[in-house]
Amino acid sequence: MAQRSTFLVFGATGGTGKHFVAQALQDGHRVRALVRDPAKLGAAQSDPNLEVHQGSITDAPNLDELVRGADYVVSMLGDKHAQSVSKIDTAFVKQLVPAMRQHGVKRFLYQAGGLSKPYNGYTPWSIWVFRTFFISSFRGQHEDNEAVMVYLATEATDIEWIVHRAGIIGDGPSKGTLQRSTTSPSIGVFRDCAEYSHRLIRESAAIHTSDFSHYVKA
Ligand SMILES: NC(=O)c1ccc[n+]([C@@H]2O[C@H](COP(=O)([O-])OP(=O)(O)OC[C@H]3O[C@@H](n4cnc5c(N)ncnc54)[C@H](OP(=O)(O)O)[C@@H]3O)[C@@H](O)[C@H]2O)c1
């Protein structure tokens, strides 16, 4: 096993997050998770390396308690209903980053969507049409993810943030290995995105990037 680390995970009961937690525990790492409903963690709940804190990012969680001693912070958050009303992730990341500074925790991976525009990037018309007319219920989530990227790029350059703009279709078996790409998004499965994020968060070259992930050609 690589060096044993402590991952602070937000979104641990979600599509990507549950795989991320399972993989981290399987590799012998420690995981600390803020979850609204611990029962959703399933079998992982009984793992001695999992520390569960119950709560919501919108209810002022104790960030000192959560961040202290973490090596890596991971956000795989998503709530399209709440995000259609308010940018809850952005508001939370704006609280999280100062707590990270205070506790000397540098590395932060934020998972956004491949259809979200990176800071200073642009949205190709085809993606704009798809986002606007076919998946308009996710509009608030994309706008929230984009606001997180703006905040990180403009006000958190001292933090070693990495944004993964993931493309995901569902929860099937692995389709292969993802690698970072500035140009070509793949439509992956949750499991592969989680495995990729495990590697990505340790990749120094990925710091301050907001790239896609793409399947390595066999
Ligand atoms: N799903 C996709 O197809 C897809 C595709 C590309 C990119 N993405 C991006 O990937 C990211 C994660 O998506 P996902 O599909 O893996 O996640 P998801 O299945 O939607 O799960 C979201 C996670 O966030 C947690 N969460 C939401 N609001 C919370 C709150 N107020 N307090 C604490 N936890 C909260 C949820 O907890 P509960 O279990 O309690 O709800 C859940 O664990 C998002 O930024 C999304 O845009 C997703």
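**Reasoning about strands, helices and a ligand shell**

Tutor: Phe-108 faces Trp-161, a residue of strand 6. The model in which this is seen is a predicted one.

Student: Why is strand 5 called mostly covered?

Tutor: A residue is buried if 20 or more other C-beta atoms lie within 10 Å of its own. Six of the seven residues of strand 5 are buried.

Student: Why are strand 3 and strand 8 said to stand at the edges of the sheet?

Tutor: The open sheet has eight strands in the order 3-2-1-4-5-6-10-8, with mixed pairing. Strand 3 (50-54) and strand 8 (178-181) each have a single partner strand, so one side of each has no neighbour in the sheet. On average, neighbouring strands here are turned by 25° against each other, direction ignored.

Student: What joins strand 6 to strand 10?

Tutor: Strand 6 (residues 160-166) and strand 10 (residues 210-215) run parallel and are joined by three bridges. His-164 has Asp-211 of strand 10 opposite it. Helix 6 packs on this sheet, where it touches strand 5, strand 6 and strand 10, and its direction makes about 150° with that of strand 5.

Student: Why are helix 4 and helix 6 called roughly parallel?

Tutor: Their axes come within 7 Å and cross at roughly 25°. Angles under 35 degrees count as roughly parallel, and helix 4 and helix 6 are therefore given that description. Among the residues making the contact are Ile-88 and Val-93 of helix 4, together with Ala-147 and Tyr-151 of helix 6. By class, this contact has five nonpolar, two polar and three charged residues.

Student: Why does Gly-28 count as exposed?

Tutor: The limit for an exposed residue is 12 or fewer C-beta neighbours. Gly-28 has 11 inside 10 Å, so it counts as exposed. Gly-28 belongs to the loop between helix 1 and strand 2 (30-35). Thr-6 is 22 residues from Gly-28 in sequence, and their C-alpha atoms are 9.9 Å apart.

Student: How do you know that strand 2 is largely enclosed by the rest of the structure?

Tutor: Five of the six residues of strand 2 are buried, and strand 2 is therefore largely enclosed. Strand 2 runs parallel to strand 1 (residues 6-10), with five bridges joining them. Within strand 2, Arg-32 is the bridge partner of Leu-8.

Student: What makes helix 7 largely enclosed?

Tutor: Helix 7 (residues 190-200) is so described because nine of its 11 residues are buried. Those buried residues include Phe-190, Cys-193, Tyr-196 and Leu-200.

Student: Which residues are closest to the ligand?

Tutor: The shell holds 27 residues, and the closest are Gly-14, Gly-15, Thr-16, Gly-78 and Gly-113. Helix 1 (15-26), strand 5 (107-113) and helix 6 (139-155) each give two or more residues to the shell.

Note on methods. Residues numbered from 1 in each chain as written. Predicted model: local features only at pLDDT ≥ 70, side-chain atom pairs only at ≥ 80, totals over all residues. Near = placed C-beta within 6 Å. Helix = DSSP H or I, 4+ residues; strand = E, 2+ residues; numbered from the N terminus. Axes fitted to C-alpha atoms, helices over the stretch in contact; angles between N-to-C directions. Parallel < 35°, antiparallel > 145°, perpendicular 65-115°, else oblique. Contact = placed C-beta atoms within 7 Å. Nonpolar A, V, L, I, M, F, W, Y, C, P; charged D, E, K, R; others polar. Pairing = 2+ DSSP bridges.
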